[in-house]
Amino acid sequence: MERMNRKVVMVAVDESQESLYALSWAIDHLFPAPMTLQDPHEVAPGTTTLVILHVQPPVHNHIHSVGPAVCATPSLIESVKHAQEESSRKVLSNALLICEEKGVRAETALVEGDAKEMLCQTAEQMNADVLVVGSRGLGALKRAFLSSVSDHCAHHASCPVLIVKPPKASTS
């Protein structure tokens, strides 16, 4: 399928304020003027498409975090899955609200898996021209132990990665 010079900007969002700041920053800096088309599903050639991506962790991640003594009954798994789906809907809804307030249309994508791997994989599958991720501002030591998502994407994504740092807190 030919993209007709269409650019794809993919922004990763999660529950963090840093990811929503990165979305807002990306809209302000990469989408300077809102598009107005007759058909809301129409994509004009040469335009930029904003894709908001949320990665939902696998259900078993939440079950194991409760502890080894917990028996993962089908009802527990279903309850956790329902809570995850609700959380994902809320994350994407909040992101779409930011887009709406700024007059930019966006598509959403929800995938399940490890955030680091799925961000890179989905960006490649969707032929993203750039992947925008927020930075939580981890120090070098924490980043070494926690292996930040943004750091992983910067080294493994098939497209350029834009890491948006949150503004420094003003000291009064």
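**Figure 1. Right-handed crossing of helices α1 and α3.** In this predicted model, helix α1 passes helix α3 in a right-handed crossing. The two elements span residues 17-30 and residues 74-101, respectively, and they pack at an angle of about 25 degrees with their axes 10 Å apart. Because angles under 35 degrees count as roughly parallel, this places α1 roughly parallel to α3. On the α1 side, the contact is made by Leu20, Leu23, Ser24 and Ile27; α3 contributes Ala95, Ile98 and Cys99. Classified by residue type, the contact of α1 with α3 comprises six nonpolar residues and one polar residue, with no charged residues.

**Figure 2. Surroundings of Ser24 in helix α1.** Ser24 is found in helix α1 and takes part in the contact of this helix with α3. The relative accessibility of Ser24 is 18%, and the residue therefore counts as buried, the cut-off being under 20%. When residues up to four places away in sequence are not counted, Ser24 touches Ile98 and Lys102. Of these partners, Ile98 belongs to the α3 side of the helix contact. With Lys102, a polar contact is formed between the two side chains, at 3.4 Å.

**Figure 3. Packing of helices α4 and α6.** Helix α4 comprises residues 115-125 and helix α6 residues 149-156. Their axes come within 9 Å and cross at roughly 40 degrees. The crossing of α4 and α6 is right-handed. From α4, the residues Ala115, Lys116, Glu117, Leu119 and Cys120 meet Val149, His152, Cys153 and His156 of α6. The contact of α4 with α6 divides by class into five nonpolar, two polar and two charged residues.

**Figure 4. The protein chain as context for the close-up views.** Six helices and five strands are present in the protein chain. Their order along the sequence follows the pattern β-α-β-α-α-β-α-β-α-α-β. The chain has 172 residues, of which buried residues make up 35%. Among the contacts with a separation of 6 or more, 79% are accounted for by residues 24 or more positions apart.

Technical notes: Residues numbered from 1 in each chain as written. Predicted model: local features only at pLDDT ≥ 70, side-chain atom pairs only at ≥ 80, totals over all residues. Heavy atoms only, no water. Axes fitted to C-alpha atoms, helices over the stretch in contact; angles between N-to-C directions. Helix = DSSP H or I, 4+ residues; strand = E, 2+ residues; numbered from the N terminus. Parallel < 35°, antiparallel > 145°, perpendicular 65-115°, else oblique. Left-handed = near helix turned anticlockwise from the far one by under 90°. Contact = heavy atoms within 4.5 Å. Nonpolar A, V, L, I, M, F, W, Y, C, P; charged D, E, K, R; others polar. Buried < 20%, exposed > 50% of the residue type's maximum accessible area, 1.4 Å probe, protein only. Polar contact = N/O pair within 3.5 Å; in protein donor to acceptor, adjacent residues only side chain to side chain.
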